[in-house]
Amino acid sequence: MLSQVGLAKIRVPAVEGWFSIDESEPYLLGSKCTKCGTIYFPQEGTFCKNPRCRSETFEQVRLSNRGKIWSYTDAQYQPPPPYVAVDPFEPFAIVAVELIQEKLIVLGQVVRGVTVDDLRVGMEVELTIDTLYEDEDKVYLVWKFRPVNGPETLRR
Ligand SMILES: [Zn+2]
């Protein structure tokens with residue numbers, strides 16, 4: 001049997017097509033209706049949901065990686081996909097973030113170490129790519145948010 005010792009694990013997105021895993025420049029992938037300009041996240045591929053549009057063509061767009069907290073909560077239970085099961089489950093904070101440019105509300109986990117006590121509505125946060133979980137040979141990545149003006153220890 002081949003040994004994996006000494007080899008870096010493969011880093012893969014936990015959900016395909018929702019975000020870039022380039023950790024130096026993380027961003028979410030949305031789609032923009034080529035007729036009316038409505039932006040969707042996750043990407044819309046069938047038809048535009050704008051009742052006055054009905055276009056079926058979209059282009060993939062990079063969404064802004066900053067936003068303001070619109071709402072937040074504590075996940076004290078195991079959430080549904082794409083928040084893949086982590087065993088044992090560790091509670092974490094979830095934020096609903098209004099993206100700076102698109103004004104879209106996007107849900108995301110907050111980085112480890114930040115609790116709901118550290119958050120408030122209107123706080124500016126930025127997107128980061130972080131480990132969701134790992135198995136023997138892969139690290140599964142997901143987007144998370146962290147406060148822009150958070151403590152230094154959170155800005156590794
Ligand atoms: Zn449209």
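**View 1. Strand β1 (residues 10–13) runs parallel to β9, with 4 bridges between them.** Strands here are DSSP runs of E of at least two residues, numbered from the N terminus. Two strands pair if DSSP finds at least two bridges between them. R11 has V139 as its bridge partner in β9. The model is predicted: local features need pLDDT of at least 70, side-chain atom pairs count only at pLDDT 80 or more, and totals for chains, interfaces and linings use all residues. Residue numbers start from 1 along each chain as its sequence is written.

**View 2. Strand β9 (residues 138–147) is mostly covered.** Of its 10 residues, 7 are buried. A residue counts as buried if 20 or more other C-beta atoms lie within 10 Å of its own, as exposed if 12 or fewer do, and as partly exposed in between; C-beta atoms are placed from the backbone. Strand β7 (residues 105–110) runs parallel to β9 and is joined to it by 2 bridges.

**View 3. β8 and β9 form a hairpin.** 3 residues lie between the two strands. Strand β8 (residues 124–134) pairs with β9 in the antiparallel sense, over 9 bridges. V125 is bridged to P147 in β9.

**View 4. An open sheet holds 3 strands in the order β3-β2-β4.** Its pairing is antiparallel. β3 (39–40) and β4 (58–62) are the edge strands, each with a single partner strand, so one side of each has no neighbour in the sheet. Strand β2 (residues 29–33) meets β3 over 2 antiparallel bridges. K32 has I39 of β3 as its bridge partner.

**View 5. E23 lies in the loop between β1 and β2.** E23 is exposed, with 11 other C-beta atoms within 10 Å.

**View 6. The loop between β3 and β4 contains P42 and R54.** The peptide bond joining F41 and P42 is cis, with omega about -5°. R54 is not a glycine, yet its phi is positive, about 65°. R54 is exposed: 12 other C-beta atoms lie within 10 Å.

**View 7. K103 sits in the loop between β6 (92–99) and β7.** Phi of K103 is positive, near 60°, in a residue other than glycine. K103 is exposed, with 12 other C-beta atoms within 10 Å.
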